Amino acid sequence: MEKKQHIAIFTTASLPWMTGTAVNPLFRAAYLAKDGERKVKLVIPWLSLKDQRLLYPNNTTFSSPSEHEEYIRKWLEERISFTSGFDIHFYPGKFANDKGSILPAGDISDIIPDEEADVAVLEEPEHLTWYHHGKRWKSKFRLVVGVIHTNYLEYVKREKNGWFQAFFLKYVNTWVVSIYCHKVIRLSAATQDYPGSIVRNVHGVNPKFLDTGKKKYEQLQSGNQLFAKGAYYIGKMVWSKGYKELLKLLQDHRKELAGLEVDLYGSGQDSDEVKEAAKKLEVMVRVHPGCDHADPLFHE
């Protein structure tokens with residue numbers, strides 16, 4: 001029999017922290033393993049109880065990796081219509097408050113045995129390799145694909161001496177990504193550019209969105225009004241996600257936007273401040289906790 005290809009997906013976050021690098025790589029692993037033609041491993045961070053309490057919502061904590069895995073698989077089963085046979089492995093991670101990110105501790109490439117080191121997908125390769133000290137990823141794996149999710153340059157520009165930090169970080173990112181990745185895919189042109197990179201949406205589309213679109217089309221054919229509500233913005237509720245810019249634009253263009261109602265959906269450490277800032281606007285802005293993208297709340 002032909003040997004099955006092994007794909008290892010390394011990412012920088014895990015549920016129940018509802019961030020893109022926790023959710024999208026999980027679905028990627030599930031769909032890559034769906035037909036049973038590949039051996040897929042998802043490699044995610046395991047945090048101390050202190051860091052779990054800091055990041056995970058609703059006081060959710062786990063006493064062991066197996067308990068954490070059970071939670072992740074249950075969450076996934078509720079959202080896909082098939083059973084996917086991929087493995088979940090954990091690496092020791094530590095939350096860095098100054099960066100708002102989980103950083104790996106030690107050589108996480110070691111988790112994959114050399115005989116299974118076919119393809120590595122590094123979700124946020126710059127983030128995973130800032131402090132990497134171990135075997136070079138390109139030496140261990142036959143193919144290393146880096147998927148760029150986040151524009152870290154924009155994040156650091158908001159800090160003290162931000163422009164200097166961004167200038168330095170740009171070259172660090174370019175260096176680590178080039179030495180560790182064979183191929184670089186940027187999810188959006190709004191991310192940092194890298195030599196030889198391409199812009200592609202490799203997340204695909206959740207079938208729930210396609211089902212919603214079909215229902216909307218049926219409503220359109222029946223002559224019903226499709227979208228009765230105004231606009232919504234969804235994202236982790238921290239200022240660096242663009243809330244400050246959004247609220248400023250709404251205020252600056254309040255005359256043209258008279259009558260518009262906007263709903264913000266997100267959870268995060270800046271929720272209270274965003275809510276207070278929204279109350280001061282002359283445009284109707286409501287602030288809600290984070291919610292799943294496919295929730296019926298958004299269909300209108």
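A nonpolar core is a set of buried Ala, Val, Leu, Ile, Met, Phe, Trp, Tyr and Cys residues joined through side-chain atoms within 4.5 Å. The exercises below use this term on a predicted model.

**Exercise 1.** Find which residues have the most contacts inside the largest nonpolar core, and which elements supply this core.

Solution. Step 1: the largest core holds 32 residues, and Leu26 and Phe86 have the most contacts inside it. Step 2: at least two residues each come from β1 (5–10), α1 (20–32), β2 (38–46), α3 (65–77), β3 (87–96) and β5 (119–123). Step 3: with six residues, α1 gives the most. Step 4: beyond four places in sequence, Leu26 touches Leu15, Leu42, Ile72, Trp75, Leu76 and Phe86. Step 5: a separate second core has 21 residues, including Ala8, Ala120, Val144 and Ile148.

**Exercise 2.** Decide whether histidine 149 is buried or exposed, and find the partner of its side chain in a polar contact.

Solution. Step 1: histidine 149 lies in the loop between β6 (143–148) and α6 (152–157). Step 2: its relative accessibility is 17%, and buried means under 20%, so histidine 149 counts as buried. Step 3: its side chain makes a polar contact of 2.7 Å with the side chain of glutamate 123. Step 4: Glu123 is also among the contacts of histidine 149 beyond four places in sequence, which include Arg28 and His203.

**Exercise 3.** Describe the sheet containing β9, β10 and β11.

Solution. Step 1: the sheet is open, with order β9-β10-β11 and parallel pairing. Step 2: β9 (231–234) and β11 (284–288) are the edge strands. Step 3: four bridges join β9 to β10 (residues 261–265); alanine 231 has valine 262 as its bridge partner in β10. Step 4: helix α9 (residues 243–252) packs on the sheet, touching β9, β10 and β11, and its direction makes about 170 degrees with that of β10.

Key: Residues are numbered from 1 along each chain as its sequence is written. This is a predicted model: local features need pLDDT of at least 70, side-chain atom pairs count only at pLDDT 80 or more; totals for chains, interfaces and linings use all residues. Side-chain values use heavy atoms; hydrogens and water are left out. Buried means under 20% relative accessible area, exposed over 50%, partly exposed in between (1.4 Å probe, protein chains only). Contact means heavy atoms within 4.5 Å. A polar contact is a pair of N or O atoms within 3.5 Å; within protein, one must be able to donate a hydrogen and the other to accept it, and residues adjacent in sequence count only if both atoms are side-chain atoms. Two strands pair if DSSP finds at least two bridges between them. Axes are lines fitted to C-alpha atoms, for helices over the stretch in contact, and angles run from 0 to 180 degrees between N-to-C directions.
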